[in-house]
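Okay, thanks for coming, everyone. Let me put the model up on the screen and walk you through it.

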Amino acid sequence: MSYGSISEEAHTTLAVAMNRLGAKSNTGEGGEDEERFDTSNPRENTRSAIKQVASGRFGVTSRYLVNADDLQIKIAQGAKPGEGGQLPGSKVYSWIAKTRHSTTGVGLISPPPHHDIYSIEDLKQLIYDLKCANDEARVHVKLVSEQGVGTIAAGVAKAHADVILISGHDGGTGAAPLTSLKHAGTPWELGLAEAHQTLAANGLRSRVVLQTDGQLKTGRDVIIAALLGAEEFGFATAPLVVSGCVMMRVCHLDTCPVGIATQNPILRERFTGKPEFVENFFEFIAQEVREYLALLGARTLDELIGDVSKLAVAPLDDPTNDLDLSALLVLVEPDQRRQGMKQDHGLEGALDWAFLSQAVRAATTGTPFRYATAVRNVNRAVGTLTGSAITRALGERTLCDDHVQIDLKGSAGQSLGAFIPAGVTLRLSGDTNDYAGKGLSGGRIVIRPDDEATFASDENIIAGNVIGYGATSGEIFISGVVGERCAVRNSGATIIVEGTGDHAGEYMTGGVVVILGNVGRNLVAGMSGGTLYLYDPDERVHDHLSAGVYEIELLESDDDERLRSLLERFRDETGSKKAARLLDEWRSERMNFVRIETSEYQRIRDEAKGG
């Protein structure tokens, strides 16, 4: 379950127990406190080995990704597939806001879709990005058990996922709506069998590990899942019950009577769970699995993976029952029953290898480093491998700005500078594709037209869609127009562009966005925090705004100083002629800017200032 959905005490208990057992706990979509990354004490290791990357991208930073054995892309969850989620402001305590890079007391929305996944090709790109962000981790894709999941799983395998998780409808959060719990998704047995058989029929099963979850409770469940094709097994509700959960299903109300699904300090004191409880539970599960193995004449669980010949449909006395389960028991070839090879992620062709070792050496020795190279659109996620290597080498330490500078010339591919940490700067003279600055973690990305370009930058697109998705800190300066969903889920970065398409600032929770030109429709939809400055000389901001409660105001003295300073730096970095003109005529042009914030965010911020 997500960090924020359950208490720190419950999370710690489960993580410690899993690490002691040699198993893995999952952060959920809420990020993880960096204090938990310390693994020096193996008996009290609270680090979650599986780090989840969900649509909200809460707390997804370079350091978060590097401190993982597995990275899990959550497409949806079994209890409410495709619906997204929401953490009410009353549950966003200061420690939750810190971990999620948001504002205390301001509600948070997990969008239904990932805004960088609209096709299997997009998913393949995200898998590649995450593999670059931690080349030592496996990349999972979590799917929901439903009709047709086999076809989706085949596409995911072709997209080079290392692990495919089939999640059943019975699992998931206790805060899911009853309509979802009763009417969405299908049992894990159906989805697992379909995925296993479809992958095998297409020669793909041997390329991936198949995992399942969704109310597994007993050793018998593990054996049946293995026979249907699963190699790994997820438990969630059962360990929580062992820890003290009484299934009140009030997780969303922050009123959990046993201190598990709450952040209320008083209620958290009622939590009585211990890691030993969870350890004992899984030891009993393992013992039951051994007993079933003996009954089936097998020495190890590996011998049974995908062997449905050991399963049979129990006869029913009801003569009216015509349920046919034979489709679940189709035999597949032995060489396609489990993973037999590793996925080829193609990292050896990354542009980063030309400068990575020198950049890491410079970062660790304190020596500045600068490197120039041409770039082409086949070079994806440039800077990400380097950034992750620097993050791993430095640990808690960070670099000063521009310590490592990479100068690029040409047309960059997708995900330029994804997840790069502080101290790493990418300067591109040319243009780039989608997802530049995805998950930016303190680094700096500067994009400007080629020096020989003759077009006006503020009238031409120079970067693609979904710029700065999930950025937590750092800067993105782009002298030109960008595509749709610029700064979606931005939670701390400063992003300046000269125009955008639709949905700019969507689901923002923090940071600063400056738009110096035209915008599309649905501006700041779902925004809960952060500040957007819009150059609006025609006073048409209301034509573009999404429905919501916003405070739209002219610049105040603090805004004036802040925005002018940003534009001066933007002009100096990019050579933007538009920024230069606005600064030359600042006394009059400052009146054409508006500041957009949500009323809730502005109230919380004013209270923090004592206003």
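Helix 4, residues 120–133, lies across strand 1, strand 2 (70–74) and strand 5 (138–144). Against strand 5, helix 4 runs at about 145 degrees. Helix 5, residues 149–158, packs on the sheet as well, touching strand 5 and strand 6. The direction of helix 5 makes about 165 degrees with that of strand 5. And before I go on, please keep in mind that this is a predicted model.

So what is the sheet itself? It's an open one made of six strands, in the order 1-2-5-6-7-8, and the pairing is parallel. Strand 1 (50–53) and strand 8 (232–233) stand at the edges with a single partner strand each, so one side of each has no neighbour in the sheet. If you want to look at one pairing in detail, take strand 6 (residues 163–167) and strand 7 (residues 209–213): they run parallel and are joined by five bridges. There you'll find Ile-166 standing opposite Thr-212 in strand 7.

Now, the nonpolar side chains. As background, in soluble globular proteins nonpolar side chains tend to be buried together. Here, the largest nonpolar core has 71 residues. Which of them touch the most other members? Those are Leu-65, Ile-73, Leu-130 and Ile-164. Let me zoom in on Ile-73. Leaving out residues up to four places away in sequence, Ile-73 touches Val-53, His-114, Ile-117, Leu-123, Leu-126, Ile-127, Leu-130, Val-139, His-140, Val-141 and Lys-142. Apart from that core lies another one, of 60 residues, and Leu-408, Ala-436, Ala-471 and Ile-476 are among them.

Val-497 has Ile-515 in strand 17 as its bridge partner.

While we're here, have a look at helix 12, residues 356–365. Which of its residues are buried? They are Leu-356, Ala-359, Val-360, Ala-362 and Ala-363. These residues cover an arc of only 160 degrees around the axis, so they end up on the same side of helix 12. What covers them includes strand 9, helix 13 (384–394) and strand 10 (404–412).

Last topic: charges. Side chains of opposite charge can pair when their charged atoms come close. In this model the count comes to 44 salt bridges. Take Glu-475 and Arg-444, whose closest N and O atoms are 2.8 Å apart. Glu-475 is in strand 14 (residues 473–478) and Arg-444 in strand 12 (residues 441–448), so this pair ties together parts 31 residues apart in sequence. Are these two buried or exposed? Glu-475 counts as buried at 14% relative accessibility, and Arg-444 counts as buried at 9%. Both belong to a network of salt bridges that also includes Asp-401, Asp-402, Arg-427, Arg-569 and Glu-573.

Another pair is Arg-590 with Asp-560, at 2.2 Å between the closest N and O atoms. Arg-590 sits in the loop between helix 17 (586–589) and strand 20 (593–598), while Asp-560 is in helix 15 (residues 557–574), 30 residues apart. Arg-590 is buried at 18% relative accessible area, and Asp-560 counts as buried at 17%.

For contrast, Asp-543 forms a salt bridge with Arg-540, the closest N and O atoms being 3.3 Å apart. Asp-543 is exposed, at 53% relative accessible area, and Arg-540 is partly exposed, at 45%.

That's my tour; over to you.

Key: Residues numbered from 1 in each chain as written. Predicted model: local features only at pLDDT ≥ 70, side-chain atom pairs only at ≥ 80, totals over all residues. Heavy atoms only, no water. Core = buried A, V, L, I, M, F, W, Y, C linked by side-chain atoms within 4.5 Å. Buried < 20%, exposed > 50% of the residue type's maximum accessible area, 1.4 Å probe, protein only. Contact = heavy atoms within 4.5 Å. Salt bridge = Lys/Arg side-chain N within 4 Å of Asp/Glu carboxyl O. Helix = DSSP H or I, 4+ residues; strand = E, 2+ residues; numbered from the N terminus. Pairing = 2+ DSSP bridges. Axes fitted to C-alpha atoms, helices over the stretch in contact; angles between N-to-C directions. Arc of directions from axis to C-beta.
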